[in-house]
Amino acid sequence: MPAHEQPTRILRSQPEPGGAPPGRAVLPPLGPPPVPVEPSGRRPELPRKITVTRVAAMRSRQITRNGIESFHRAASADGADKSGLTRLTYAVMANYAADAALAVALANTLFFAAATAESRSNVALYLLITVAPFAVIAPVIGPLLDRVQRGRRWALAGSFAVRAVLAVVMALNFDTWLLYPCALGILVLSKSFGVLKAAVTPRVLPTGLNLVRTNSRLTVFGLVASGVVGTLASGVTLLAGSAGALLFTALVMLAGGWLCLRIPSWVEVTEGEVPTTLLYTQSADQPATRRRQSLGRTVLTGLWGNGTIRLVTGFLTLFAAFVVKAHTESAPLEQVAMLGLVGAGAGLGSFVGNAAGARLQMGRPDAVVLRCVGAGLAVSVVAALLPGIATAALAALVASAASGLAKVSLDATLQRDLPEASRASAFGRSETVLQVSWVFGGALGVLLPPIYWVGFTVVSVLAAAGLAQSIITSRGGSLLPGLGGVRPRRPAPSRPRVR
């Protein structure tokens with residue numbers, strides 16, 4: 001429309017700036033509307049011809065760019081970019097993402113592809129292959145870390161690289177027996193990454209950030225990454241099947257290996273570190289230059305409590321899947337909905353537990369751990385007395401929240417009660433204990449019959465025994481010789497033995 005034919009607007013009530021009389025005709029501005037400016041100060045580049053589709057695409061790119069910049073600012077906050085924590089955060093997110101993509105890729109094979117009995121036997125075989133080697137490997141990982149003076153970044157990257165190769169082998173041999181040993185290798189390497197990450201984390205702490213907030217931050221970022229990549233893996237599975245999802249998982253793992261190599265080189269410095277030991281003798285405090293640092297009573301209480309809760313969460317992860325399948329064999333949509341309910345409860349609980357733990361003032365973290373174990377035991381008893389998917393979802397929610405909060409409390413105890421020279425070793429050993437506990441709970445979830453009250457009764461008994469040992473340990477006693485509280489609350493710091 002020509003300019004002289006455009007409609008005019010009459011301003012009758014407001015005078016123009018400069019004293020112009022009201023009622024003057026004001027022509028609307030010609031040309032396109034002003035271009036919005038991004039928070040970074042850049043102006044998005046406009047297409048030559050403006051259409052609805054092109055404007056929508058431009059706006060989508062702008063929103064995506066702003067989201068990426070906001071995410072990077074969050075990951076780099078509190079000096080994390082200078083200390084190296086940001087780069088470790090990206091590697092941890094890749095590990096969570098790889099685990100989520102693998103779980104989606106193997107869901108049909110391990111849980112829903114065959115009849116109930118066959119599926120249970122397949123997963124039982126998978127877990128038996130997994131538990132036996134990992135039970136042997138786990139006690140080796142902690143001492144091995146104590147002896148590794150160089151190469152932690154390469155060890156982290158190597159865990160990703162080998163997993164990527166195994167994922168490709170699984171994709172090419174999806175219907176053969178090679179699927180199970182490859183899955184074994186991936187699981188062991190994933191757990192080993194967690195142990196290595198725990199040993200590296202104290203080396204990248206910013207000045208104004210403690211280990212409690214750091215580990216909570218890593219967990220929250222990891223959960224976000226697992227949700228995003230798990231959703232993408234589900235889409236790949238629909239388009240290309242489980243084999244395609246495994247190839248997608250391999251790409252995620254390769255990216256994780258590259259991110260590990262970008263972690264700063266100062267995480268390799270181990271000079272002055274003192275390894276820790278779970279055992280304790282009465283004469284352990286006498287020599288000031290002994291080689292190993294003993295863990296105190298409060299730390300051991302946290303380990304017993306966290307191990308108990310990890311057993312419950314590992315049990316719930318696999319037991320819920322088999323119970324749902326056994327009760328909804330002919331209703332696949334109902335299966336997905338019920339498992340989604342349990343999974344949503346577990347994910348929400350983990351997020352809430354870690355977020356709450358990062359904001360609490362840990363005056364007595366060992367007491368917080370005991371309360372968390374009590375909450376896990378209580379909800380397991382409720383699920384045994386009132387069987388059903390609703391109570392199973394409630395149990396997943398409460399147990400996951402308790403697990404997240406208890407882990408934050410254990411981190412606070414390790415930071416408070418151990419000298420700086422022993423924290424890396426202590427975090428590596430504690431992570432090993434928690435991983436083994438989770439695997440043991442997962443094995444129970446597969447081997448027990450898919451009956452609500454039976455499974456939750458067994459796990460309630462084990463949780464009660466773990467709570468009893470935790471309480472007795474906190475009071476200076478023990479149900480197991482050498483692994484209880486017959487030791488000081490905080491043993492004297494050790495120094496490396498002078499040669």
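The model is a predicted one.

## The whole chain

The protein has 499 residues, and 48% of them count as buried. Take the contacts between residues at least 6 apart in sequence: 79% of these join residues at least 24 apart.

## Helix α11 and its partner

Helix α11 covers residues 389–417. How many of its 29 residues are buried? The number is 21, so α11 is largely enclosed by the rest of the structure.

Helix α7, residues 211–261, packs against α11. The angle is about 145°, and the axes are 8 Å apart. The crossing of the two helices is right-handed. On the α7 side, the residues that meet α11 are Leu211, Val212, Asn215 and Ser216. On the α11 side they are Val408, Asp411, Ala412 and Gln415. This contact is made of four nonpolar residues, three polar ones and one charged one. An α-helix has 3.6 residues a turn, so residues three or four places apart point the same way.

Leu414 also sits in α11. Which residues does Leu414 touch, leaving aside neighbours within four places in sequence? They are Val299, Arg423, Ala426, Phe427 and Ser430.

## Helix α5

Helix α5 runs over residues 152–172. Its 21 residues should span 30 Å at 1.5 Å a residue. The end C-alpha atoms are 31 Å apart, which agrees. The buried residues of α5 include Leu156, Phe160, Leu166 and Met170. Arginines are on the buried list too: Arg152, Arg153 and Arg163.

Buried means under 20% relative accessible area, exposed means over 50%, and partly exposed lies in between.

| Residue | Relative accessible area | Class |
|---|---|---|
| Leu414 | 1% | buried |
| Gln469 | 3% | buried |
| Asp366 | 5% | buried |
| Gly340 | 37% | partly exposed |

Asp366 belongs to helix α10, residues 365–385. Why does Asp366 count as buried? Its relative accessible area is 5%, and the limit for buried is under 20%. Beyond its neighbours within four places in sequence, Asp366 is in contact with Thr298, Thr301, Thr413 and Arg489.

Gln469 is in helix α13, residues 452–474.

Gly340 lies in helix α9, residues 332–359. Is Gly340 buried or partly exposed? At 37% relative accessibility, Gly340 counts as partly exposed. The C-alpha atoms of Gly340 and Ala393 are separated by 9.4 Å. Along the chain, these two residues are 53 residues apart.

Note on methods. Residues numbered from 1 in each chain as written. Predicted model: local features only at pLDDT ≥ 70, side-chain atom pairs only at ≥ 80, totals over all residues. Heavy atoms only, no water. Axes fitted to C-alpha atoms, helices over the stretch in contact; angles between N-to-C directions. Helix = DSSP H or I, 4+ residues; strand = E, 2+ residues; numbered from the N terminus. Left-handed = near helix turned anticlockwise from the far one by under 90°. Contact = heavy atoms within 4.5 Å. Nonpolar A, V, L, I, M, F, W, Y, C, P; charged D, E, K, R; others polar. Expected span 1.5 Å × (residues − 1). Buried < 20%, exposed > 50% of the residue type's maximum accessible area, 1.4 Å probe, protein only.
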